[in-house]
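This briefing sets out selected features of the structure shown below.

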Amino acid sequence: MPNFDGGHYFLTALVPVRKGKDLAGKDRIFSHVHAIKEVLASLPTENQNPYGPLDANLAEGMLTTAPFSRDLRTHLARMVVIDDVAYNGRQHQDAIRTALRGPNPVLTEPVDHLPWTYLLFVSDFDAADGSQATLTTYLRGLWAVMGDELGAIFEHCHGFDPAKPEASFVTLIEKGQIETTMSFNDYYWTGQGQGERSLWQGAGGPVSRTRTAVLPPGLAFLALGLLAFWSGLRGWLLLLALLLALAAAIYWLYRRVLSLGFAPFPTAPRSDLSSVLKALYLQRRFIRFMVAQQGQSPEALKAAFADFLAEHRPHDPSAPTQKPATYFS
Amino acid sequence: MPLKLDLSDIQGNILIRYGLAFPKGRCVLLHVNRNQVAKARAFLEELRIEKITTAALWKSSKTENLPEDIIKAYRPDVAINVAFTFMGLVAMGVPVRTLRGFPDEFQQGMLDRAEILRDDPYGLGRPESRWDEIWLNERNDPKAEIHILVTLYASKEPVHFDSPEAALEDAFQWLSKRCTENEAISILAGHGGANPLYQEIGALQEQDPDAPQGHLRYSGTEHFGFADGFGDPVFEGQYLDEDMPKQVVGQGKLKADQTWVPLATGEFLLGYPDEAQEVPDAPVPLDFSRNGTFMAYRKLHQNVKAFSDYISSTATRYGASYDLDQEAAEETLRAKMAGRWSDGVPLMVAPTYGEWQAFRGRLAKAKIENNEAELNRLIQKLFDFTYAADTDGSKCPFASHIRRANPRDMLDPTVTANATGERLAKATSVLNNRRRLLRRGLPYGGTTPIDSDEVDQGVLLMFLCANLFRQFEFIQQQWMQYGLDFNAGNDTCPIIGNHGPEAKFVIATSADSGKPPFICDRPPQFVETRGGAYFFIPSMTALRLIAQGLTDPT
């Protein structure tokens, strides 16, 4: 299932934006589309410092205000307002056919539009599986840490109930969810044998080495054909049996390849957000450690490394670590 | 037919640098009064007809035997050239349809590209700007808007004057007089240095080894002590056919058979096909852009004391790690940062201090013996090298200055290696051919470096290319101020890059040396931009169109 792969859930949802006008501003009236764009534009993004941490204290003390950074499962999240489908010009026409049978190229063609303006919400988060319960838990967790911001956004969406904000947020996303057909996971692990699948192995879940005795239905049809041959039937009946067998084998292969393709890859080691942040934290600290220890005697180096381990606790992803949504170019 | 450039239509200093033959210069910035365009045009007409130095070959014993269809001009005492900012072209009344053909970055100007270039015009993290005020004044005063750059380069041996200085002063006085008489043109003040009306530039000087004590000669070094000016791209049409085979080696583009051929002319002059076999974006009409090019003018301040202090303190630790005495350690450290030894010998030719000394020995011997063949062979080595034999950077660090500025064959994406790291094909310079820059310029400050960070000294560089965005800005942003393309993370150039509080520079060692790599810890800021702008250098034809107000874009 492409919504879930490699230990990550790839959520895609389209939620219609309310029609009519937003009266909240009282003095001036805006459309909900205008208002939701303004709310989104005013959300703080990640802290990126193009000049590098000029002042170490400033860098460490920088307040992370991007609301999604409060959720330690979300890797990447994006919200976009889709006003309409992009007009892509007139339908392609065969010039000779048009000349003979029309339509008259002078006449305009109808131009299609979306019935609503949509809010697109995509998010890539750590998950154990691709179940509905997992998604619901994630959405409730998101509401718990950034309910104010989500409320301010989704109040401009069709079907949002201010009396039951959390429940209606979850419902809106779940109703508006569409299948993610091409997920992007930055942490795919190509360890030994991880990317390999065999047609003869059992499908679903982590690939096991045990061969499952799946008898393709094609073999049965082939047996049928041979039986017919032996029993004296010849000519077109034989041909029919073989064709049926071939068609069945192709169909079986097609289903088999699809089911293998849908089976998610296993979670890459330490690809959850906390571990990734810890890795970034350790990388920065370890470089400074390396630089500082150049030319040290083995004994001094060993002692210093023990201090390094004690201070930075490489195996503890929770702390000390790098703040999410903060990075230096 | 091979390309033959109309040399007398191209301004001088584009194709080849004036070099040490014109070792003293002044850069003057002018403002045009838009209400007096007719008078401003008259000034430009005079400049065009009487003053501008073109790329036409000069009459000399070397050129007198060339065919008659090659124009031979008189060698000037002062080479004069002119370039325009975007606002300068607006002020000169160039039509909007021509103006809109200029690329975004040129229209925007260097000051507004500061974030991309990682420049610091407004003194980020400092109490005030350290740029020369001439580059910032236009933000507060429309009459200080920079429009025209006039460069004056004086010949080492002027015919009509006693010294380059006298020739230069005469040329400047002429310009000054014109700007006083002509109310449409004024000289802008606010350059750092002795005289606010111009930026003085000049080659450094050193004791002439073949002359008595106290007799100085011009040297090609800059204030940090490196011999500068190696490695300038070579493109089709740039040299006479007979000179090309020698010039192109190590300077053109590298083919898979490891031969060098000239780069496409369109990388450096507008109106010609470039390396993508397209004619780059340029203003209409073609006459306006052809044989013109763009220039990024950069005043780069050098913190001479910070550099020498850092080298000497770091060399102590570096020398201890690799058993080098202080002198050898300092020279090696400087070479590892630059990619060349201080006299210009590439690390790829002489990777260690001992090999460098041996190379110098061979060079000195060939000079004493007057062995021209050997001398030519050795000098060619300064240019003719690739990085194929150094895939781990243990000879020339990936992040060193010249390897970043011109990675030659190292970034070829089509070259793959087998499991043992052996390359399966010869690399080409394919990913580098569209990122080359012609570098023109001279040091400024005293004639010898002063051990200080506060003295106004550094190098005035003019980067010439057909596309500032793709060539100059890309190299500056991605290769000088970032390191990802060289597997160096966010490490910037050890010499000219911005050095934040976590800056470092990695000097790799080969795996079989048994020695750990050395990491230079937190180098301070060595080079700082103190001003600059983007200019368009028009051809003589375009200059005529501007000066006569006859640009017709329709």
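How many helices and strands are there in chain A? Chain A has nine helices and eight strands, where helices (H or I, at least four residues) and strands (E, at least two) are DSSP runs numbered from the N terminus. This is a predicted model, in which local features need pLDDT of at least 70, side-chain atom pairs count only at pLDDT 80 or more, and totals for chains, interfaces and linings use all residues. Residues are numbered from 1 along each chain as its sequence is written, while chains are lettered from A and ligands numbered from 1 in the order in which they are written.

**Confidence and overall make-up of chain A**

- The mean pLDDT (the predictor's confidence in each residue, from 0 to 100) of chain A is 83, and 79% of its residues reach 70 or more.
- In residues 50-62 of chain A the pLDDT is below 50, and the model gives this stretch 19 contacts beyond near neighbours in sequence; two residues are in contact if their C-beta atoms, placed from the backbone, lie within 7 Å.
- Residues 203-214 of chain A also have pLDDT under 50, with 15 contacts beyond four places in sequence.
- Where pLDDT is low, the predicted coordinates should not be read in detail.
- Of the 329 residues in chain A, 16% are buried; a residue is buried if 20 or more other C-beta atoms lie within 10 Å of its own, exposed if 12 or fewer, and partly exposed in between, with C-beta atoms placed from the backbone.
- Among chain A contacts between residues at least 6 apart in sequence, 74% link residues at least 24 apart.

**Individual sites in chain A**

- Asp126(A) belongs to strand 7 (residues 118-126) of chain A and is buried, with 21 other C-beta atoms within 10 Å.
- Leaving aside residues up to four places away in sequence, Asp126(A) touches Gly7(A), His8(A), Arg73(A), Asp272(A) and Leu273(A).
- Gly102(A), in the loop between helix 3 (95-101) and strand 7 of chain A, is exposed, with 10 other C-beta atoms within 10 Å.
- The peptide bond from Ala319(A) to Pro320(A) is cis, with omega near -15°; Pro320(A) sits in the loop between helix 9 (298-312) and strand 8 (326-328) of chain A.

**Helix contacts in chain B**

- The axes (lines fitted to C-alpha atoms, for helices over the stretch in contact, with angles from 0 to 180 degrees between N-to-C directions) of helix 1 (residues 37-51) of chain B and helix 15 (residues 540-548) of chain B come within 8 Å and cross at roughly 155°.
- Helix 1 of chain B and helix 15 of chain B are therefore roughly antiparallel; angles under 35 degrees count as roughly parallel, over 145 as roughly antiparallel, 65 to 115 as roughly perpendicular and the rest as oblique.
- The axes of helix 9 (residues 304-322) of chain B and helix 10 (residues 326-338) of chain B come within 8 Å and cross at roughly 110°, which makes helix 9 of chain B roughly perpendicular to helix 10 of chain B.

**Backbone features of chain B**

- A cis peptide bond joins Val284(B) to Pro285(B), with omega about -5°.
- Asn13(B) is not a glycine, yet has a positive phi of about 80°; with 24 C-beta neighbours inside 10 Å, Asn13(B) counts as buried.
- Gln258(B), likewise not a glycine, has a positive phi of about 65° and counts as exposed, with 12 C-beta neighbours inside 10 Å.
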